[in-house]
Amino acid sequence: MGGTEHLTVQREGATLVLTLNRPQARNALSLPMLVGLYDGWLEADADDSVRSIVLTGAGGSFCSGMDLKALAGNGMAGQEYRDRLKADPDLHWKAMLRHHRPRKPVIAAVEGHCVAGGTEILQGTDIRVAAESATFGLFEVKRGLFPIGGSTVRLPRQIPRTHALEMLLTGRPYSAREAAAIGLVGHVVPDGTALSRALEIAGQINSCGPLAVEAVKASVYETAEMTETDGLAAELTRGWPVFDTADAKEGARAFAEKRPPAYKRA
């Protein structure tokens, strides 16, 4: 498994856990963190034994946004990170899920601060769990900046436009309960339990047919901006082949035999 000094990678069964690991800076995004994140997404996609991904933060915070000094290279350990960014100038956008979407479901486990770039990364995840005291928000306008990680496009497609515009234009913080009320997160749990709840959801996903899970996720995103007619046609194209897989046959046998299925992604 990969990882860097600011991004740890570990396995929990069939789940790959990526942890933003710069707690002294509330997990502000650095170049080592971004490189580790992107490598983590690629590792999950390349490994068929990984069926889900959990993204979380160390030290009681999720992510407080971009550390511009660290991204520029100040205080970084190692030339290799600058070389990676030079070789792929799009790497940071892929790491932040702006220009990359993993095949596997991504579950966010949020404790503490999830603001600015943290809220932007959050919008690239599929399922979101927040601790009671978590804080969300897009603070860029208060600093005279633009939330260029995708929020002006994604946020109005994920929550009602009136709420998206309020978050984008006021730059104010949102509590976990308010974030849940507007649909930005799906679960609010006691402090310190976001990761365990995310892993529980991941376990439920992991017990399902992996080819079906990946096809369902792909269909949801690729049809999001289609007309209903075009979307339904695309769904058939994506969905019918799943019925011919060994996974589908195993699922049917397991149901008939009243036992847990043993999926092999075939």
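The protein has 12 helices and nine strands; both are DSSP runs numbered from the N terminus, with helices (H or I) needing at least four residues and strands (E) at least two. Keep in mind that this is a predicted model, where local features need pLDDT of at least 70, side-chain atom pairs count only at pLDDT 80 or more, and totals for chains, interfaces and linings use all residues. Residues are numbered from 1 along each chain as its sequence is written, and side-chain values use heavy atoms, with hydrogens and water left out.

**Overall build**

- Along the principal axes, the C-alpha atoms fill a box of roughly 60 × 45 × 40 Å.
- Leucine 236 and glycine 118 sit 118 residues apart along the chain, and their C-alpha atoms are separated by 35 Å.
- Take the contacts (heavy atoms within 4.5 Å) between residues at least 6 apart in sequence: 67% of them join residues at least 24 apart.

- Buried residues make up 48% of the 266 residues. Here buried means under 20% relative accessible area, exposed means over 50%, and partly exposed is in between (1.4 Å probe, protein chains only).
- The accessible surface comes to about 12,600 Å², and 57% of that belongs to carbon and sulfur atoms. These areas come from the Shrake-Rupley method with a 1.4 Å probe, and for residues only the protein chains shown count as cover.
- Threonine 19 lies in strand S2 and is buried, with a relative accessible area of 11%. Leaving aside neighbours within four places in sequence, threonine 19 is in contact with His6, Leu7, Thr8, Thr56, Gly57 and Ala58.
- Leucine 236, in helix H11, counts as partly exposed at 48% relative accessibility.

**Charges and salt bridges**

- There are 30 positive and 31 negative side chains, and the centres of the two sets lie 1 Å apart. Lys and Arg count as positive and Asp and Glu as negative, while His and the chain ends are not counted. Each charge is placed at NZ of Lys, CZ of Arg, CG of Asp or CD of Glu.
- The count comes to 15 salt bridges, each being a side-chain nitrogen of Lys or Arg within 4 Å of a carboxyl oxygen of Asp or Glu.
- Arginine 22 pairs with aspartate 67 in one of these salt bridges, the closest N and O atoms being 2.9 Å apart. The two partners are 45 residues apart: arginine 22 is in the loop between strand S2 (15–20) and helix H1 (31–46), and aspartate 67 in the loop between strand S3 (52–57) and helix H2 (68–72). Arginine 22 counts as buried, at 11% relative accessibility.
- Arginine 238 forms a salt bridge with glutamate 222, with 2.6 Å between the closest N and O atoms. Arginine 238 is partly exposed at 34%, and glutamate 222 is partly exposed at 32%.
- Glutamate 250 and arginine 253 also meet in a salt bridge (3.3 Å, N to O). Being three residues apart in helix H12 (residues 246–257), they are separated by about one helical turn. Glutamate 250 is buried at 10%, whereas arginine 253 is partly exposed at 41%. Through shared partners, salt bridges join Glu250, Arg253, Glu257 and Arg259 into one network.
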